[in-house]
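Me: I am new to this structure and would like to go through it step by step. Please show it first.

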Amino acid sequence: MFWATIFALLAIATIYVWGGAWWIQRAHPHFRIGELILPRMFEVVIVGWMLWVSSAIGSFLNVVAWRMPLGRGLGGRSHCPRCGTQLLARDNFPVLGWMAVQGRCRTCRLPISPRYPIVEAVVGLSLTSIGIAVIHGFSPPGQTVDAARSVLHSRVVDPGVWYLLGFQVVGLSVGWAFGLIRFDGNRLPSRLVTFAAITLLVIPLMFPSLLVVDWRFYRVDQINDSASLVSQNWQNNAGILDAVARLLTALAAAGFAGRSLARGLCNQADLKLSPLADSSRRLVDLILMIAVPAVIVGWQALPSVLVAASLLALLIPPRWADALGRFAITLPIATSIQIVVWSATENATWWPGSVGHPWVMILAAACVLAIPWWLHEPAHSKNSPQDDDSNRVDASDRHDTAEVTDTPPNHRSSVQRVADPDHDDQPIR
């Protein structure tokens with residue numbers, strides 16, 4: 001599997017380099033193929049680097065999703081929890097490291113969950129797609145990307161776009177961490193929520209241009225400019241009061257959407273009468289997860305993200321996670337798709353965005369209200385919306401958890417199973 005993957009990646013890169021050069025040479029016959037190969041090779045190197053960095057972020061998020069609910073720190077080398085052997089550096093290489101050891105520890109030869117390479121690959125593709133969209137000017141709206149002087153040169157991207165890309169990557173990584181933790185059935189740790197608040201709320205107050213789009217909704221007949229020009233005007237002229245309004249509207253939209261989806265994902269939640277109940281905590285987690293895309297893409301595009309995530313959640317078998325967990329893991333995927341096509345959808349008046357027709361936004365809100373019709377918990381199932389503490393790790397359990405993490409698989413306790421993303425395999429991080 002390892003060498004097959006290596007050869008497949010090399011084949012894809014070769015096809016892109018030669019095929020891209022041949023395709024461009026057809027449109028520009030005055031260039032020779034040899035002149036067009038080197039720029040395509042540079043593009044492959046850049047994409048390969050972004051994919052490696054993004055997959056490494058996915059590897060780190062695996063650690064976050066396992067250790068944070070247990071109250072453990074994120075420092076230290078990764079090791080096998082069965083035999084305690086530290087992983088070699090090459091074994092920590094995203095995706096390929098797991099393939100190189102054939103999914104088993106080098107020392108004890110016990111299996112390693114395939115969840116690790118899957119998360120690394122999916123997160124890597126998610127973040128890399130955003131990087132490609134930004135570099136080639138597909139997203140976000142209102143950005144200035146200088147056209148290449150010729151097919152022999154790479155694009156010149158404004159430095160502000162790189163800052164925006166960093167903000168979106170960090171924000172989306174927080175969304176992935178939220179999704180992975182809720183997919184395992186654990187509550188969102190307060191440390192992670194604090195980091196998300198600083199990243200997504202405090203930093204944009206200092207740099208309002210990172211929020212990309214205005215907090216207001218413009219009817220098509222009220223403006224003469226395109227949505228991209230409206231977004232560009234926002235990024236050039238927005239102040240701290242505008243940023244506050246943008247964040248407040250995003251959080252309000254997240255609260256409304258969370259309460260709407262609660263009918264299917266946590267229908268017993270009652271923040272007034274039982275604010276500390278498990279079902280109410282599920283609702284708080286749901287609102288926090290929705291707040292991530294709401295801040296990144298704005299309240300106007302949030303309905304399309306929620307509907308897409310709910311439809312993708314239907315593709316995940318219910319035995320893997322409850323409805324909230326399945327929705328949580330697909331939410332960052334839908335957010336990635338929205339960011340990639342953001343510029344195109346922002347200029348489409350028939351799609352939810354900051355510029356369009358009011359009836360489009362009304363229809364989008366109605367679709368959000370309808371999500372519980374197709375995504376909800378069965379009336380009587382193991383994964384019911386009632387979260388008891390038997391499958392969670394609280395502060396009082398942390399010392400016990402530290403003592404059972406090396407327990408053989410035939411004697412694992414219920415506390416340890418929280419740390420195991422795959423009930424058949426012991427985590428290795």
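Me: In which helix is the place of phenylalanine 183?
Reply: This is a predicted model, in which local features need pLDDT of at least 70, side-chain atom pairs count only at pLDDT 80 or more, and totals for chains, interfaces and linings use all residues. Residues are numbered from 1 along each chain as its sequence is written, and side-chain values use heavy atoms, with hydrogens and water left out. Helices here are DSSP runs of H or I with at least four residues, strands are runs of E with at least two, and both are numbered from the N terminus. Phenylalanine 183 belongs to residues 159-183, helix H5.

Me: Is phenylalanine 183 buried or exposed?
Reply: Buried means under 20% relative accessible area, exposed over 50%, and partly exposed in between, using a 1.4 Å probe and protein chains only. Phenylalanine 183 has a relative accessible area of 19%, so the residue is buried.

Me: Which residues does phenylalanine 183 touch, not counting residues up to four places away in sequence?
Reply: Contact means heavy atoms within 4.5 Å. The C-alpha atoms of phenylalanine 183 and glycine 325 are separated by 3.9 Å, although these residues are 142 residues apart along the chain. With residues up to four places away left out, phenylalanine 183 touches Arg115, Ile316, Trp320, Ala321, Gly325, Arg326 and Ile329.

Me: How are H9 and H11 oriented to each other?
Reply: Axes are lines fitted to C-alpha atoms, for helices over the stretch in contact, and angles run from 0 to 180 degrees between N-to-C directions. Angles under 35 degrees count as roughly parallel, over 145 as roughly antiparallel, 65 to 115 as roughly perpendicular and the rest as oblique. Helix H9 (residues 278-297) and helix H11 (residues 323-340) pack at about 5°, with axes 10 Å apart. H9 and H11 are therefore roughly parallel.

Me: How are H6 and H8 oriented to each other?
Reply: Helix H6 (residues 190-206) packs against helix H8 (residues 240-265) with their axes 8 Å apart and an angle of about 160°. That angle makes H6, relative to H8, roughly antiparallel.

Me: What is the relative accessibility of valine 95?
Reply: Valine 95 is found in the loop between helix H2 (33-67) and helix H3 (96-100). Its phi is positive, about 65°, although valine 95 is not a glycine. Valine 95 counts as buried because its relative accessibility is 16%.

Me: Is arginine 109 buried, partly exposed or exposed?
Reply: Arginine 109 lies in the loop between H3 and helix H4 (115-135). Arginine 109 also has a positive phi, about 60°, without being a glycine. At 37% relative accessibility, arginine 109 counts as partly exposed.

Me: Which tryptophan has arginine 72 over its face?
Reply: A charge sits over a ring if NZ of Lys or CZ of Arg is within 6 Å of the ring centre and within 35 degrees of the ring normal. Arginine 72 lies at 5.2 Å from the ring centre of tryptophan 66.

Me: How many helices and strands does the chain have?
Reply: The chain has 429 residues, of which 50% count as buried. Its elements are four strands and 15 helices.
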